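Visitor: Hey, could you walk me through this one? I'm new to reading structures.
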Amino acid sequence: MSKSASRARLAEIIRKRSFGRGEITLASGRKSDFYFNLKPTMLDAEGAALLAELTFEALRDEHVDYVGGLEMGAVPIAGAIAQLSWLKGHPIAAFFVRKKPKEHGARLAVEGLAKGETLQGKRVVIVEDVTTTGGSAIKAVDAVRDAGGEIALVFTMVDREEGATEAFAEAGLSFRSLYKASEFLNT
């Protein structure tokens with residue numbers, strides 16, 4: 001399937017499985033009359049494959065070592081990208097950042113790294129399912145930087161276009177998205 005055909009098909013899946021209308025309170029605390037819950041798309045076989053394919057292609061020239069982000073939205077995406085990257089012969093490892101470190105065990109903020117493995121000096125892409133103001137991604141950025149990683153890019157599946165671009169620019173972070181919310185609102 002061509003890139004444009006994959007993108008169009010994924011948009012159909014998102015529209016059917018993950019986009020809705022109706023008043024909702026977002027993670028940012030803002031109210032909205034539309035929402036994206038990308039979990040049904042990320043956990044759908046075709047949706048997961050297309051998200052991984054399109055994201056992997058978008059990241060191809062970034063020369064990254066790791067992909068990850070804040071739980072829970074980044075976990076399915078990062079895992080799918082890691083698997084596809086291995087199959088394509090260009091492995092990119094995955095991790096996730098806990099919203100709050102566990103109070104038992106190793107008490108890690110960054111999960112998924114093997115014993116002795118570190119983000120120190122590694123190029124990292126922070127991924128998100130849906131971005132509104134950028135607050136969740138900034139938490140993941142902070143954790144990765146605290147672990148010594150270098151942020152190459154913040155990449156989201158859907159940008160709600162409600163301040164994230166400006167917040168990331170202010171923080172000196174590159175930001176891109178697969179889709180803009182307006183692509184779904186106008187159809």
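Visitor: Okay, what order do the strands take in the open sheet of six strands?
Guide: Keep in mind that this is a predicted model. The order in that open sheet is β5-β4-β3-β6-β7-β8, and the pairing is mixed.

Visitor: Which ones are the edge strands?
Guide: Those are β5 (110-111) and β8 (175-180), since each pairs on one side only.

Visitor: And do β3 and β4 run parallel or antiparallel?
Guide: Parallel: β3 (residues 66-70) is joined to β4 (residues 93-97) by five bridges. To spot one of the pairings, look for G69, whose bridge partner in β4 is F96.

Visitor: What about β1 and β2, how many bridges join them?
Guide: Five, and here the strands run antiparallel, with β1 covering residues 19-25 and β2 covering residues 31-36. F19 has F36 of β2 as its bridge partner.

Visitor: Which residue in that hairpin takes a positive phi?
Guide: That's G29, with a phi near 95 degrees; the hairpin has five residues between the strands.

Visitor: Switching to helices: at what angle do α1 and α3 cross?
Guide: Roughly 135 degrees, and the axes of α1 (residues 3-17) and α3 (residues 45-59) come within 10 Å. That angle is why α1 counts as oblique to α3.

Visitor: Left-handed or right-handed crossing?
Guide: Left-handed, as α1 passes α3.

Visitor: Which residues make the contact?
Guide: From α1 you have K3, S6, R7, R9, L10 and I13, and from α3 there are E46, G47, L50, L51, E53 and L54. By class, that contact has five nonpolar, two polar and five charged residues.

Definitions and conventions
Residues are numbered from 1 along each chain as its sequence is written. This is a predicted model: local features need pLDDT of at least 70, side-chain atom pairs count only at pLDDT 80 or more; totals for chains, interfaces and linings use all residues. Side-chain values use heavy atoms; hydrogens and water are left out. Axes are lines fitted to C-alpha atoms, for helices over the stretch in contact, and angles run from 0 to 180 degrees between N-to-C directions. Helices (H or I, at least four residues) and strands (E, at least two) are DSSP runs, numbered from the N terminus. Angles under 35 degrees count as roughly parallel, over 145 as roughly antiparallel, 65 to 115 as roughly perpendicular and the rest as oblique. A crossing is left-handed if the near helix is turned anticlockwise from the far one by less than a right angle, and right-handed if clockwise. Contact means heavy atoms within 4.5 Å. Ala, Val, Leu, Ile, Met, Phe, Trp, Tyr, Cys and Pro count as nonpolar, Asp, Glu, Lys and Arg as charged, and the others, Gly among them, as polar. Two strands pair if DSSP finds at least two bridges between them.
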